[in-house]
Amino acid sequence: MIGLVEGANRQKTPNEIALTILLAVLTIVFLPVVVVLQPFGHYAGATVSVVILVSLLVCLIPTTIGALLSAIGIAGMDRLVQRNVLAMSGRAVEAAGDVQTLLLDKTGTITLGNRMTSGFFPVGRHTEQELADTAQLASLADETSEGRSIVVLAKERFGIRERELTGDHTFVPFTATTRMSGLDVDGREIRKGAAESVKAWSTAQGGTPPPELDEVVDDIARAGSTPLTVADGPEIIGVIELKDVVKQGIQEKFAEMRGMGIRTVMITGDNPLTAAAIAQEAGVDDYLAEATPETKMELIRSEQEGGKLVAMTGDGTNDAPALAQADVGVAMNTGTTAAKEAGNMVDLDSNPTKLIDVVEIGKQLLITRGSLTTFSIANDVAKYFAIIPVIFIATYPQLKSLNVMHLHSQTSAVLSAVIFNALIIVALIPLALRGVKFRPASAAAILRRNVWIYGVGGIILPFFGIKLIDLIITALHAY
């Protein structure tokens, strides 16, 4: 019941508004035509019964697409459920089909997401073993795959075993604001994180960053890896290299999106050099480096101000404002309550790549609606020109040439059209539920395909269908 109320009260998308207006216009156009047939027929000496007029009205108003709209929407929601994605509203599915900008997290979406430590690069007078020892201390409370890999590599290379902390110590968690994490223990303040953040922290402690630090960080970043700078108090010890791998086949996915007119933007906390290297390898259209909740919001708003619909994924409390601002916000099921409440979809599998699938399902829903709308309009126009001449042939024999279908009589013509109308709705329900097959293409290519297959087909099919039913009715004397 809540879903029905929500569906009735929700704000309509531009596609729904346009379709509603189209159906209203067609109804307004057809209704006067049918209404004036009676007085015109009476004036001309022709007899048109009320039953025929009502039947004709039922045949000519756009009933086909009106009857299928609900089926198309329900099918789109069902396809999302099959992918383990829950949509909070039908509007979210509609908006997904109109998305023009796709914001994707780098880690776990574009890359495999299991960044591993591959090297220690000391700076100044410090040694690699000293850097490994300090980095391991800073990572003792870091349960991420990156943090665990630092501990493991320090053990493998230098035999530095994970230590039990005694005495007073405080773990410093990573935040999007500080972009650092670490440990305060025995008077030492150890930090690891983004180079600029650690440099600023070290300078604030009275230290001076080594001159070669920027060169080491840039070399790691240009290779597409993520540099993490480590400091022990005011002293910067060195840089850790984290390597990640771009997912296989992701470039083709982005090429398909580009072909549909969708702009892809990679969101990452990495520095601009690393972001640029990964973006080029993955084939995204743009990237946002050193991203914060504020910069994400600014990006979404700037895209929306340009008239574009935006989709993004997120799982943290910091992502909640951006998820709420985006037209399609997919929250991970493993994410925070704030993120799930802010988004209008929830991915039960917590797979950020699902955002691409969500957009494809939304596109398929709109393509299906467009195809069946084209067929419905063409179908109604064909019936209009097929039936009207038959009604006045008895009074105006000269109209016989317009009776291209050679229908038997007024009654059989209208009865055939009514039966055809009922059958075509039933026949199109499976297509509405299954959906028109999705093929990544531009709007112009989709429009051409709709016109040729569903437009021309919608005109031809009624001529054959109504004629066949008329022959059966005539043969059975059922009129």
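Of the 61 residues in the largest nonpolar core, those touching the most other members are Leu80, Leu102, Ile110, Phe254, Val328, Met345 and Leu372. A nonpolar core is a set of buried Ala, Val, Leu, Ile, Met, Phe, Trp, Tyr and Cys residues joined through side-chain atoms within 4.5 Å; buried means under 20% relative accessible area, with a 1.4 Å probe and protein chains only. Helix 16 (residues 354-392) supplies the largest share of this core, eleven residues. Apart from this core lies another, of 15 residues, among them Ile267, Met312, Ala322 and Ala331.

The model is predicted: local features need pLDDT of at least 70 and side-chain atom pairs count only at pLDDT 80 or more, while totals for chains, interfaces and linings use all residues. Residues are numbered from 1 along each chain as its sequence is written, and side-chain values use heavy atoms, with hydrogens and water left out.

Leaving aside neighbours within four places in sequence, Ile110 is in contact (heavy atoms within 4.5 Å) with residues including Phe254, Met266, Ile278 and Val284. Met266 has Tyr287 in strand 10 as its bridge partner. Helices (H or I, at least four residues) and strands (E, at least two) are DSSP runs, numbered from the N terminus.

An open sheet of seven strands has the order 1-13-12-11-2-9-10, with mixed pairing. Its edge strands, strand 1 (85-87) and strand 10 (286-288), each pair on one side only. Helix 12 (residues 272-282) lies across strand 9 and strand 10, running at about 150° to strand 10; such angles run from 0 to 180 degrees between N-to-C directions, with axes fitted to C-alpha atoms, for helices over the stretch in contact.

The table lists strand pairs; two strands pair if DSSP finds at least two bridges between them.

| Strands | Sense | Bridges |
|---|---|---|
| Strand 4 (residues 169-172) and strand 5 | antiparallel | four bridges |
| Strand 5 and strand 6 (residues 188-193) | antiparallel | six bridges |
| Strand 9 (residues 263-267) and strand 10 | parallel | three bridges |

Strand 5 (residues 180-185) is largely enclosed by the rest of the structure, because five of its six residues are buried. Within this strand, Val185 stands opposite His169, and Asp184 stands opposite Glu189 in strand 6. Strand 5 and strand 6 form a hairpin with two residues between them, and Asp186 in the turn has a positive phi of about 50°.

Asp470 belongs to helix 18 (residues 443-476). Among the residues that Asp470 touches, not counting those up to four places away in sequence, are His406, His408 and Ser412.

Technical notes
Buried < 20%, exposed > 50% of the residue type's maximum accessible area, 1.4 Å probe, protein only.
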